[in-house]
Amino acid sequence: MPSGLHSSRLPSSPQWSLLGCGALGGVFASLLTQSGQPTRVLLRDRHRSTLHPRIDFTSLEGHTQLIAIERGFISQPGQITRLLVVTKAGQVVSALTPLVGKLAAGVPIVLLHNGMGIAEQVVQLFPHNPVIAGVTSHGAMQGGHFVFRHTGKGETWLGPVNEAAKAYAALADDLGAALGQAGWDEQILARQWQKLAINCAINPLTALYRLKNGELAGPRFADVLQQICVEVADVMQAEGQPTSSDELLRRAMTVVELTADNYSSMYQDMEQGRETEIEAITGFLLACAAKHGIAVPVNQGLYQAIKEKR
């Protein structure tokens, strides 16, 4: 059978069901499929009437190919073995809500989004499912309808949000087979905070000033980046996450250098007129700061600026 025409013969219950097919979802669906792991994307019903071509995927090395992938719809999801949620942070709960009562107890839910404060809501929605939080630094861009480019190789870590999730460390091995690396960390909360700190530093500034990540390395942003990291470190310490502003700044600048030619997800969202993840990133930080009575004026100002620009 010619390549690309086998999609109808894919298994009826793929190994992975992906909820969300934006930039990161499209790249991960492509990489999982290429690694031989049957994968399906679950789309909203409004996509039923739209053309569903094969995924046009460009790898890190610049190789472009068309990838056949099964699609399903959220209203009739069929059997789900494991669910990987790759929507934007603000869409996670609304995207998962139609599956309440349809997702079998025990099916693991893997959340892979920026920001924090979402996983706890998912646990409330699905009290009988293992909920796993993930952080990733892979770069991805969407160039059109089902056109995706892998723009940067990064690290991916998964870890348990609830007790039931602790039995699913093997999911990281399967993801690692597709991504080149993925690890399991029982203390995923610490990694989530580290990722949040980096996002607080990079995303609002690149979105507001319409910059590539690498442009933050110049002297123009040195002071504001330092101030952001001081404020985030104060909040993290109050939350029981030992760190220092110098460590956070070093981590952020390492990411700036490694992703110098990339545009942050918040920049891409602003440019495309999409909802940003500012609530789950800086908004989450502000809520934690308020809880502890900590002043975070620089982050507050960036939050307001992003909200006003949308």
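Begin by selecting residues 279-292, which form helix α9 in this predicted model.

Staying with α9, colour its buried residues, which are Ala-280, Ile-281, Thr-282, Gly-283, Phe-284, Leu-285, Leu-286, Cys-288 and Ala-289. To see what covers these buried residues, show α5 (188-209), α6 (222-238), α8 (265-271) and α10 (297-309), which are included in that cover.

Next, turn to the second largest pocket, whose volume is about 300 Å³. Elements that give two or more residues to the lining of this pocket are α3 (119-125), β8 (131-136), α5 and α9, and the largest share, five residues, comes from α5. The lining has 24 residues, and selecting Met-116, Ala-119, Glu-120, Leu-189 and Gln-192 will show those that lie nearest the pocket's centre. If you colour the lining by residue type, you will find 13 nonpolar, seven polar and four charged residues.

Finally, display the strands of the open sheet, eight in number, which run in the order β5-β2-β1-β6-β7-β8-β11-β12 with mixed pairing. At its edges are β5 (70-73) and β12 (183-184), each of which pairs on one side only. Zoom in on β12 and on β11 (residues 156-160), which pair in the parallel sense over two bridges, and select Trp-157 together with Gly-183, its bridge partner in β12.

Terms used
Residues are numbered from 1 along each chain as its sequence is written. This is a predicted model: local features need pLDDT of at least 70, side-chain atom pairs count only at pLDDT 80 or more; totals for chains, interfaces and linings use all residues. Side-chain values use heavy atoms; hydrogens and water are left out. Helices (H or I, at least four residues) and strands (E, at least two) are DSSP runs, numbered from the N terminus. The expected span of a helix is 1.5 Å times one less than its number of residues. Buried means under 20% relative accessible area, exposed over 50%, partly exposed in between (1.4 Å probe, protein chains only). Contact means heavy atoms within 4.5 Å. On a 1 Å grid over the protein atoms alone, a cavity is a set of points where a 1.4 Å probe fits but cannot get out, and a pocket is an open set with protein on both sides within 12 Å along at least five of seven lines; lining residues have an atom within 4 Å of a point. Grid points are joined across faces, edges and corners, and a volume is the space filled by probe spheres set on the points. Ala, Val, Leu, Ile, Met, Phe, Trp, Tyr, Cys and Pro count as nonpolar, Asp, Glu, Lys and Arg as charged, and the others, Gly among them, as polar. Two strands pair if DSSP finds at least two bridges between them.
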